[in-house]
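Here's a quick briefing to read with the structure open in your viewer. Have a look at the fold, then work through the notes below.

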Amino acid sequence: MKLTPYRSWFLVVALAFLVVKITGCALMEEGAVLGLGRYVEKRTTKKLPSIPVSQNAMQVEIVFIERPITDPLLGSTLWNEIDEVGAIELMDQENLKQNGFRVGHVSSVPPMALQTLLGLKSHLGGVEKKDESLLLSGRRLMLRSGVPTDIQTSGFYDKCSLQLFNDDEEGQLEIKEFEQARCVMRVKAHKVQDGWARLEFTPEVHYGAQQLRRTPTNIGWQLENRQNTTPLYKQKFEVTLNVGEMTVITATDDLTPKSAGHLFFRGEGRKSNIQKLLVVRLSNMSKMEAVRTK
């Protein structure tokens, strides 16, 4: 059949329209893959798999409570319901008290006084209105067994003196002087068994200017930008917790201005009338799979 000029022109237009449509669809599909324009929602990519939790991982919740020293909830109302005897070894407990530290163990159901402190939002009896702004601060950490983390418990001191009572040196007092110092609790968690972990606390004083220093790590010596560090190994202690249980660490009532407990949890100057409590809770653990042997 012979095509007329009109039909030939119509056929050319139809073919051109078909080519444009096909090419346009291809561009749209390519745009969808490349994420161009409005077709970004049609992009088909594989989702990255979730990062598996290490079998040695432990979730620890750390909460700071700051209240005026006159708050009745910080005294016998709280500590009559906290187990101090079973928290740590008796000798360690005596040494800690001599240096101004107080440590207790709390079950997964905390006493009412601690519940009130942990949920403190409004005015309580014995607390003045101007102190209501002292709220809680906290964080949640995922720790690997044996890997330490630092918890700063004090502000910065331009200068401070630390008085340590060393029980193994016939009651002798040791006085250390620091500049540009801050008090830190180094925490290291060790998995004991399913649902149980041992938390190791080492009080440390970090002082001096920040600079590159050789630091021992799990993979050898490395350079890290940090201050000088003085660990108080004789005041180191351990607490064993089940999931949901917690430990409470603070300063004793009979404080001397230079004791370790005073510097870590009370401070000087305008902060000297504020008491700090450190609450550490073992909130979760990765389940350890049993190993089958032939």
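Where does Gln 115 lie? Gln 115 sits in helix 4, which covers residues 112-118. Keep in mind that this is a predicted model. The notes start with the whole chain, then go to the cavities, and then take a handful of residues one by one.

**The chain as a whole**

- The protein chain has five helices and eleven strands.
- The chain is 294 residues long, and 39% of them count as buried.
- Take the contacts with a separation of 6 or more: 71% of those in the protein chain are between residues 24 or more positions apart.

**Cavities**

- Rolling a probe the size of a water molecule over the atoms shows where empty space is left.
- How many cavities of 30 Å³ or more are there? The count is two.
- The largest cavity has a volume of about 40 Å³.
- Its lining is made up of Glu 84, Ile 88, Gln 93, Leu 96, Lys 97, Phe 101, Arg 102 and Val 103.
- Sorted by class, that lining has four nonpolar residues, one polar residue and three charged ones.
- Helix 3 (90-98) and strand 2 (101-106) each put at least two residues into the lining of the largest cavity.

- Is Gln 93 buried or exposed? Gln 93 is buried, because its relative accessible area is 10%, under the 20% cut-off.
- A polar atom of the Gln 93 side chain lies 2.4 Å from the backbone oxygen of Glu 84.
- Setting aside neighbours within four places in sequence, Gln 93 is in contact with Glu 84, Val 85 and Ile 88.
- The C-alpha atoms of Gln 93 and Phe 237 are 8.3 Å apart, although 144 residues separate the two along the chain.

**Thr 247, in strand 10**

- Thr 247 belongs to strand 10, residues 246-251.
- With a relative accessibility of 0%, Thr 247 counts as buried.
- The Thr 247 side chain reaches the backbone oxygen of Gly 104 at 2.9 Å.
- Beyond its neighbours within four places in sequence, Thr 247 is in contact with Val 103, Gly 104, Phe 201, Val 239, Leu 241, Leu 278, Val 279 and Val 280.

**Ser 161, in strand 5**

- Look for Ser 161 in strand 5, residues 157-166.
- Ser 161 has 15% relative accessibility, so it counts as buried.
- Which side chain does the side chain of Ser 161 make a polar contact with? The partner is the side chain of Glu 177, at 2.6 Å.
- Not counting residues up to four places away in sequence, Ser 161 touches Lys 176, Glu 177, Lys 258 and Leu 263.

- Gln 115 is partly exposed, with a relative accessible area of 35%.
- Leaving out residues up to four places away in sequence, Gln 115 touches Val 109 and Pro 110.
- Gln 115 and Leu 78 are 37 residues apart along the chain, and their C-alpha atoms are separated by 9.8 Å.

- Pro 148 is in strand 4, residues 148-152, and is partly exposed at 32% relative accessible area.
- Pro 148 touches Arg 186, Val 187 and Lys 188, once residues up to four places away in sequence are set aside.
- The C-alpha atoms of Pro 148 and Lys 188 are separated by 4.3 Å, with the two residues 40 apart along the chain.
- Gln 180 is in strand 6, residues 172-193.
- What is phi of Gln 180 near? Phi is near 50°, a positive value in a residue other than glycine.
- Gln 180 counts as partly exposed, because its relative accessibility is 44%.

Methods
Residues numbered from 1 in each chain as written. Predicted model: local features only at pLDDT ≥ 70, side-chain atom pairs only at ≥ 80, totals over all residues. Heavy atoms only, no water. 1 Å grid on protein atoms, 1.4 Å probe; cavity = no way out; pocket = protein on both sides within 12 Å on 5 of 7 lines; lining within 4 Å. Points joined across faces, edges and corners; volume = space filled by probe spheres on them. Helix = DSSP H or I, 4+ residues; strand = E, 2+ residues; numbered from the N terminus. Nonpolar A, V, L, I, M, F, W, Y, C, P; charged D, E, K, R; others polar. Buried < 20%, exposed > 50% of the residue type's maximum accessible area, 1.4 Å probe, protein only. Contact = heavy atoms within 4.5 Å. Polar contact = N/O pair within 3.5 Å; in protein donor to acceptor, adjacent residues only side chain to side chain.
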